[in-house]
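Visitor: I have a model open and would like to talk through it with you. Could you take my questions as they come?

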Amino acid sequence: MTLPQDLYKPPSGWQPRLVHIFRDFQYLCLGINNDALERLPHNATYLQSILTSLQSRLLHLGGLPVDPPVERLVRLTMLCFLTTTSKVAGRKLPYDWVLRQLDDAYAMAADRFEKEDICLRVWVLITIAFTVAGVEKEWFKEAWGKIQSEVDQDWASVKKYLMRVMWIEAIHDGPGEAVWRDLERTISS
């Protein structure tokens, strides 16, 4: 499978191991979305082994002495992204440990994003909101408020940003759109 031209490419300065994990996530999402479009069955055992590998690799990166702010935030967001593949209906798991880290990581990374990284920033915030944080956290509302003027004001446009980074339509569309609508209402009021 070749990557689409408009798929987000991590900056060349990122740690190579993080880039490989990021790209593997992108390939996985593209494959899942493609299989869903073609109505192909998926092999749950194979998928679980890929997800386990990605999680293990992400956790291992957290122990490295060098963890630049944007890369740390992206690594934590990918861990949050993984929670969507194992949610149990009707059961809310506490993610306090990652919420504390995300608050700190976003504060450190906010001014270090490249200007053209708006799709990455949108992906980070929407993913964090619908996986573990919600839209009520003050730091989160402030972060969204700062980029809101750079983001097109309809869900279809926001989803294009998300699809450029990594997004599984069958899993993420419903919760992603609900969070986006909550953000729009929260920030507007």
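Visitor: Let's start in helix 6, then: how far apart along the helix are Glu142 and Lys146?
Guide: This is a predicted model, and in it Glu142 and Lys146 are four residues apart in helix 6 (residues 138-147), so about one helical turn separates them. The two form a salt bridge, in which the closest N and O atoms are 3.5 Å apart.

Visitor: And how covered are those two, buried or exposed or in between?
Guide: Glu142 counts as partly exposed at 48% relative accessibility, whereas Lys146, at 53%, counts as exposed.

Visitor: How many salt bridges turn up in the whole structure?
Guide: The search of the whole structure finds eight. As a general point, side chains of opposite charge can pair when their charged atoms come close.

Visitor: Which residue does Asp24 pair with?
Guide: Asp24 forms a salt bridge with Arg57, and the closest N and O atoms of that pair are 2.8 Å apart. Asp24 sits in helix 1 and Arg57 in helix 2, 33 residues apart, so that the pair links distant parts of the chain. Both ends are partly exposed, since Asp24 has a relative accessible area of 32% and Arg57 has a relative accessibility of 28%.

Visitor: What about Arg72, which side chain does that one meet?
Guide: The side chain of Arg72 meets that of Asp104 in a salt bridge, with an N to O distance of 3.0 Å. This pair, too, links distant parts of the chain, given that Arg72 belongs to helix 3 (residues 69-83) and Asp104 to helix 4 (residues 96-109), 32 residues apart.

Visitor: Why does Arg72 count as buried?
Guide: Arg72 counts as buried because its relative accessible area is 16%, and the cut-off for buried is under 20%.

Visitor: Which residues are linked in a network of salt bridges?
Guide: Lys159, Glu169 and Asp173 are linked in such a network.

Visitor: Changing topic, how much space lies in the largest pocket?
Guide: The largest pocket holds about 440 Å³ of space. It is lined by 20 residues, and the closest to its centre are Leu28, Ile32, Asp35, His42 and Leu47.

Visitor: Which elements give two or more residues to that lining?
Guide: Those elements are helix 1 (16-37), helix 2 (44-61) and helix 8 (169-188).

Visitor: And what is the make-up of the lining by class?
Guide: The lining has 14 nonpolar residues, five polar ones and one charged one.

Visitor: Stepping back, what does the secondary structure of the chain come to?
Guide: It comes to eight helices and zero strands, and the pattern read along the sequence is accordingly α-α-α-α-α-α-α-α. Among contacts between residues at least 6 apart in sequence, 73% join residues at least 24 apart.

Visitor: How much of the chain counts as buried, and what is the accessible surface?
Guide: Of the 189 residues, 45% count as buried. The accessible surface of the chain is about 10200 Å², and carbon and sulfur atoms account for 54% of that area.

Visitor: Is helix 5 mostly covered or mostly open?
Guide: Helix 5 (residues 118-133) is mostly covered, with 16 of its 16 residues buried. Just after this helix comes Gly134, which takes a positive phi of about 75 degrees.

Visitor: What is Phe113 in contact with?
Guide: Setting aside its neighbours within four places in sequence, Phe113 is in contact with Val70, Leu73, Tyr106, Leu120 and Arg121. As for Pro69, it lies 44 residues from Phe113 in sequence, and the two are 9.3 Å apart in space, C-alpha to C-alpha.

Technical notes: Residues are numbered from 1 along each chain as its sequence is written. This is a predicted model: local features need pLDDT of at least 70, side-chain atom pairs count only at pLDDT 80 or more; totals for chains, interfaces and linings use all residues. Side-chain values use heavy atoms; hydrogens and water are left out. On a 1 Å grid over the protein atoms alone, a cavity is a set of points where a 1.4 Å probe fits but cannot get out, and a pocket is an open set with protein on both sides within 12 Å along at least five of seven lines; lining residues have an atom within 4 Å of a point. Grid points are joined across faces, edges and corners, and a volume is the space filled by probe spheres set on the points. Ala, Val, Leu, Ile, Met, Phe, Trp, Tyr, Cys and Pro count as nonpolar, Asp, Glu, Lys and Arg as charged, and the others, Gly among them, as polar. A salt bridge is a side-chain nitrogen of Lys or Arg within 4 Å of a carboxyl oxygen of Asp or Glu. Buried means under 20% relative accessible area, exposed over 50%, partly exposed in between (1.4 Å probe, protein chains only). Contact means heavy atoms within 4.5 Å. Accessible areas come from the Shrake-Rupley method with a 1.4 Å probe; for residues, only the protein chains shown count as cover.
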